[in-house]
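Dear colleague,

Please find a structure handed over to you below. My notes on its aromatic residues and on one of its sheets follow.

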Amino acid sequence: MNSPSLYPENERPVEAWCDLHNVHVRLADGREVITPLWWYPTLFQATPAQRNNIELMLAGVHWPDVDEDLSIRGMLAGWKYPQAKVPEKAA
């Protein structure tokens, strides 16, 4: 009997980056997962240089400068930090 892999090949990250508002991760099957940066308070408060120093892992992404890890499954499921708050719009 075959059991499903803990880390499906199609969910393996092959590229990741942050812009001013979102975290982007391109997966091995070509999908791009985009989640709001404010979902992850540590990344939201990091500098652009810290946000873009990224290490790809088998099933997620790591930011060594701020010691932050995100799993691909969590991003696909829409998980955000419980204390994450929508930023107020600039007046």
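Trp 38, Trp 39, Tyr 40 and Tyr 81 form one aromatic cluster in this predicted model. Residues are numbered from 1 along each chain as its sequence is written. Local features need pLDDT of at least 70, side-chain atom pairs count only at pLDDT 80 or more, and totals for chains, interfaces and linings use all residues, while side-chain values use heavy atoms, with hydrogens and water left out.

There are 3 aromatic pairs in the structure. Rings of Phe, Tyr and Trp (its six-membered ring) pair if their centres lie within 6.5 Å; planes under 30 degrees apart are stacked, over 60 edge-to-face, and the rest tilted. Trp 39 and Tyr 40 make an edge-to-face pair, 6.3 Å centre to centre with 75 degrees between the planes. The planes of Tyr 40 and Tyr 81 stand at 85 degrees, with centres 6.3 Å apart, so this pair is edge-to-face. The latter pair links distant parts of the chain, 41 residues apart: Tyr 40 lies in the loop between strand 3 (32-36) and helix 1 (41-45), and Tyr 81 in the segment after helix 3 (72-77). Helices (H or I, at least four residues) and strands (E, at least two) are DSSP runs, numbered from the N terminus.

Tyr 40 is buried, at 2% relative accessible area, whereas Tyr 81 is partly exposed at 27%. Buried means under 20%, exposed over 50%, and partly exposed in between (1.4 Å probe, protein chains only).

Finally, 3 strands form an open antiparallel sheet in the order 4-5-6; two strands pair if DSSP finds at least two bridges between them.

Yours sincerely
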